[in-house]
Amino acid sequence: MKKILITGSMGQIGSELIKALRDRYGHDAVIASDFRTPPYENKDQWNPFEFVDVTKRETLIEVVKKHQINCIYHLAAILSAVGEQNPQLAWNVNINGLYNVLEVAREYHIQQIFCPSSIAVFGPSTPKDHTPQETILQPTTMYGLTKVSGELLCDYYATKFGLDVRGIRYPGIISSETLPGGGTTDYAVAIYYDAVKYNRYTCFVREDTVLPMVYMPDAIYGSISLMEADRTHFQHHSNFNMASMSFSAGELAAEIKKHLPEFTCTYEPDFRQKIADSWPRSIDDRASRAEWGWKPQYDLAAMTKDMLAKLTARHQQGKL
Ligand code: VAH
C-alpha cells in the first residue's frame with residue numbers, strides 16, 4: 001500500500017497535489033507536510049499533516065518512520081525570484097534539503113521519489129525555441145543552478161543506489177487554488193486574480209515576454225502519470241522536459257480581455273525581467289510524450305476560461 005509524504009505541501013503545487021493524490025490513493029495514504037503550520041480554520045483540509053523542515057534531516061526521519069512512508073513527492077523549494085534575493089537560502093533548501101530527502105530515501109528504502117526540476121535549468125546559452133531534452137545547461141540564477149545540481153544528484157542516486165527517482169522540468173505553472181510564492185512566472189497567476197478583483201494588472205515583465213507555461217491540472221496529472229509509468233523503457237529519470245503552451249504576457253492579457261472587455265494591463269518590468277529573458281520561449285518535450293505518455297489537455301483559451309470561472313466564483317463568495 002502506498003504511503004506518500006509530500007514536502008512543501010503548502011506551496012503552489014503541493015496544495016493541489018494533496019487532493020489529487022488523496023482522491024487517487026485514499027485520504028490517509030497521503031501525509032502532508034511543511035515547515036509552516038496550516039491555517040487553523042481549514043486544518044482538516046491538510047490533516048494528516050506533519051511538521052517537516054527538509055533542511056533538518058531529523059524532522060524527515062521522524063515522519064518517515066512514524067508513517068512508514070514509501071513514496072515522497074519532494075516539493076519544498078525556493079523559487080527563482082526569492083532565490084535571487086536570498087541565494088544562500090535557496091542553496092540550503094534546494095540542495096541540502098534534496099540531499100536529506102535522497103539520503104533518507106536510501107537509508108529507509110523509500111520505493112519512489114518525485115523531485116521536480118524546472119525550465120530554469122536552461123540559460124542564455126541554451127537554444128531558445130523548442131529547447132531540446134539534451135542541451136546546454138548554464139543557468140544564470142541560483143534557483144536554476146540548484147535545479148541542474150538537483151537533477152545530477154537525483155540521477156546519481158538512481159544509478160549508484162538504485163533509487164527510483166523521477167522528475168519533470170516544469171514550465172511556469174498557472175493555478176487557481178494557491179497564489180505561488182516567489183517565482184518569475186507568478187505574473188501569469190497574479191494577472192488572473194487582479195483581473196477578477198480590480199479589472200486591471202501591472203505586469204512585472206515586458207508585454208512581449210514569451211515563456212513556456214502549463215495549467216496546474218495538467219501539471220498534476222502529468223506528475224502522477226510519470227510516477228505510475230513503467231520505468232523499464234525510461235531513457236531519462238529526473239529531468240523530463242515538459243511543454244504545454246507558450247505565450248507572451250500581452251497574449252495572456254488579450255485572452256483575459258476576451259472575457260473581461262474592460263480589463264487593462266500595464267507593463268513595468270522589474271528584476272524578474274532578467275530572469276525571464278534567460279529562459280527558453282518553447283520546449284521540446286518529445287521524450288516525455290514517448291517515454292511516459294505526456295499529453296496536456298489545456299491551451300491558453302481553455303485555461304483562461306477555467307481560471308476566470310473559478311476565481312470569479314470565489315470572489316463572489318468573498319474568498320479571493
Ligand atoms: C519560477 N514558477 O518562476 C517557477 C518556475 C519555470 C519557472 O520554475 O521560479
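Tutor: Let's start with Thr185: an N or O atom in its side chain is 3.0 Å from a nitrogen atom of the ligand, a polar contact (a pair of N or O atoms within 3.5 Å). Ser118 also takes part, with a side-chain N or O atom 2.8 Å from an oxygen atom of the ligand. At Thr184 the backbone does the work, placing an N or O atom 2.7 Å from a ligand oxygen. On its own the ligand has 280 Å² of accessible area, and the protein covers 95% of that (Shrake-Rupley method, 1.4 Å probe).

A word on the source: this is a predicted model, where local features need pLDDT of at least 70 and side-chain atom pairs count only at pLDDT 80 or more, while totals for chains, interfaces and linings use all residues. Residues are numbered from 1 along each chain as its sequence is written, and side-chain values use heavy atoms, leaving out hydrogens and water.

Now the wider shell. Residues around the ligand (a heavy atom within 4 Å) include Leu79, Ser80, Ile119, Tyr143, Tyr170 and Trp279. By class the shell holds 6 nonpolar, 6 polar and no charged residues; here Ala, Val, Leu, Ile, Met, Phe, Trp, Tyr, Cys and Pro count as nonpolar, Asp, Glu, Lys and Arg as charged, and the others, Gly among them, as polar. Domain 1 (4-171 + 215-241) and domain 2 (173-213 + 245-281 + 298-316) each give at least three residues to this shell, with the bounds taken from an automatic or database domain assignment.

Methods
Polar contact = N/O pair within 3.5 Å; in protein donor to acceptor, adjacent residues only side chain to side chain.
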